[in-house]
Amino acid sequence: MWRALKFCVIAAIILALAWWMAALPGDVTADAGTYRITTSAPVALLLILVVVAVLLMLLRVLGGLRRAPGRFSDWRGGRRAQAGELALQRGVVAVAAGDAAGARSAAGKARTLLGDTAFTQWLSAEAAQLAGEGEQARQAFERLTHSKEMKFLGHQGLLRQSLRAGQDEEAARQAEAAEAAYPGSAWTRGQRLALAVRERNYTAALRLTQMPKERAALAVAAAENAETPKLALDFAKQAVKADPTCPMAIAAMAKALRSVGKERAARNALLAGWKRAPHPLLAAAWPAPDATPLERAQAAALLAKENPGHVESELLLGETALAAQLTGEARRHAEAALKAGNSDGRAEAILARLDGRAVPAITPAWRCSSCQTQQEHWSCTCPACGKLGTMAANVPGKALMTTQG
Ligand SMILES: [Zn+2]
């Protein structure tokens with residue numbers, strides 16, 4: 001509708017102009033040397049218009065010709081950027097796939113096409129790292145740390161290199177720089193945690209994890225290494241708070257309470273711990289160190305009362321009865337432990353001793369929940385897989401059974 005109206009208006013204007021031109025009176029004469037051209041005014045005006053239009057067209061063509069080389073170079077630049085981008089993509093995939101040769105070739109191509117950008121530097125560094133050219137990779141990562149946007153990747157690369165080389169101090173420095181470059185990164189926190197554990201700096205490590213099992217293990221280790229009994233108690237409390245069922249934490253708490261003279265609180269902690277999660281460690285900490293075998297058997301009954309019928313309660317009663325030469329009691333509790341599902345050899349060992357038979361091997365007390373390796377002793381990190389807070393009691397049989405079943 002509007003277009004039609006616009007067309008009508010323009011047509012009307014042109015018609016009016018043509019009519020006005022056609023109606024112009026008089027002639028126009030042009031002299032050039034011996035030539036003289038005379039024509040009517042409308043024709044002369046039309047000629048001028050034609051000449052102006054031709055001149056405008058000529059100027060346009062000349063302008064286009066002048067801009068042509070720039071446009072060509074733009075087109076070429078676009079093609080280069082596209083090829084460079086493709087090389088980068090291929091390089092990233094090669095790095096992820098662990099293809100050293102592919103990564104290196106793509107990195108070279110990307111640098112030729114795109115120059116020394118932060119991204120091509122990162123790819124070159126990763127490609128060199130993959131090819132085992134440590135020094136070249138280090139230099140490239142070092143250069144990357146000057147990039148505003150990608151400095152984290154530079155520090156990350158340097159941190160990985162120092163960890164591999166066992167340079168813990170340099171690794172700690174790079175970890176801090178990486179944290180500053182990208183605060184709150186889970187990756188950096190994990191690396192700093194692993195470093196702190198490796199350096200046995202459990203206090204620093206505790207600040208880097210919120211995982212209950214990890215916190216409990218670290219706090220137990222911190223309590224074991226604490227400089228004062230009061231500090232040991234603080235850490236033991238943190239351990240129990242993080243994982244109230246961790247026998248190492250409960251035992252550490254009892255030990256720390258005793259060392260600050262709180263015997264009653266220590267005994268209460270052991271009783272509460274036995275109720276929650278009975279474990280031989282708690283049984284070992286329960287009686288007075290100078291108690292006779294009979295006194296130990298009597299003390300064991302008090303602890304076992306907190307969790308009657310539990311396989312650990314039966315084993316404790318059986319073992320202490322055997323030591324006190326209460327053979328009937330020892331046999332009864334060993335058989336009850338077997339009935340409750342004890343399968344680690346401890347109940348069998350009591351019976352074998354009573355019968356004068358060879359004592360069977362006993363399954364190690366701890367097991368890594370990650371790699372399933374069994375260990376005789378607890379440790380903060382698994383000696384086999386190195387994971388933190390994965391050592392758990394090797395549960396010997398069913399958790400709860402009654403002796404009168
Ligand atoms: Zn493990």
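Tutor: Axes are lines fitted to C-alpha atoms, for helices over the stretch in contact, and the angle between two of them runs from 0 to 180 degrees between N-to-C directions. The model here is a predicted one.

Student: At what angle do the axes of α17 and helix α18 cross?

Tutor: The axes of α17 and α18 (residues 346–355) cross at roughly 150 degrees and come within 8 Å. The crossing, in which α17 passes α18, is left-handed.

Student: Which residues of α17 and α18 meet?

Tutor: From α17 come Thr327, Ala330, Arg331, Ala334, Ala337 and Leu338; from α18 come Ala347, Ile350, Leu351 and Leu354. This contact divides into eight nonpolar residues, one polar and one charged.

Student: Why are α16 and α17 called roughly antiparallel?

Tutor: Helix α16 (residues 311–323) and helix α17 (residues 327–339) pack at an angle of about 155 degrees. Angles over 145 count as roughly antiparallel, and α16 and α17 are therefore described in that way. Their axes are 8 Å apart, and α16 passes α17 in a left-handed crossing.

Student: What do α16 and α17 bring to their contact?

Tutor: On the α16 side are Val311, Glu314, Leu315, Leu317, Gly318, Ala321 and Leu322, and they meet Glu329, Ala330, His333, Ala334, Ala336 and Ala337 of α17. By class, the residues of this contact are nine nonpolar, two polar and two charged.

Student: What makes Gln174 count as buried?

Tutor: The cut-off for a buried residue is 20 or more other C-beta atoms within 10 Å of its own. Gln174 has 26 C-beta neighbours inside 10 Å, so Gln174 counts as buried. Its place is in helix α7 (residues 168–181).

Student: Which residues does Gln174 touch, leaving out those up to four places away in sequence?

Tutor: Gln174 touches His155, Leu158, Leu159 and Ser162.

Student: How far is Gln174 from Leu17 in space?

Tutor: From C-alpha to C-alpha, Gln174 and Leu17 are 81 Å apart, and 157 residues separate them in sequence.

Student: Which residues of helix α5 are buried?

Tutor: In α5 (residues 134–144), the buried residues are Ala137, Ala140, Phe141 and Leu144. They cover an arc of only 100 degrees around the axis, which puts them on the same side of α5.

Student: What covers the buried residues of α5?

Tutor: The cover includes α4 (118–130) and α6 (151–165).

Note on methods: Residues numbered from 1 in each chain as written. Predicted model: local features only at pLDDT ≥ 70, side-chain atom pairs only at ≥ 80, totals over all residues. Buried ≥ 20, exposed ≤ 12 C-beta atoms within 10 Å, placed from the backbone. Helix = DSSP H or I, 4+ residues; strand = E, 2+ residues; numbered from the N terminus. Arc of directions from axis to C-beta. Contact = placed C-beta atoms within 7 Å. Parallel < 35°, antiparallel > 145°, perpendicular 65-115°, else oblique. Left-handed = near helix turned anticlockwise from the far one by under 90°. Nonpolar A, V, L, I, M, F, W, Y, C, P; charged D, E, K, R; others polar.
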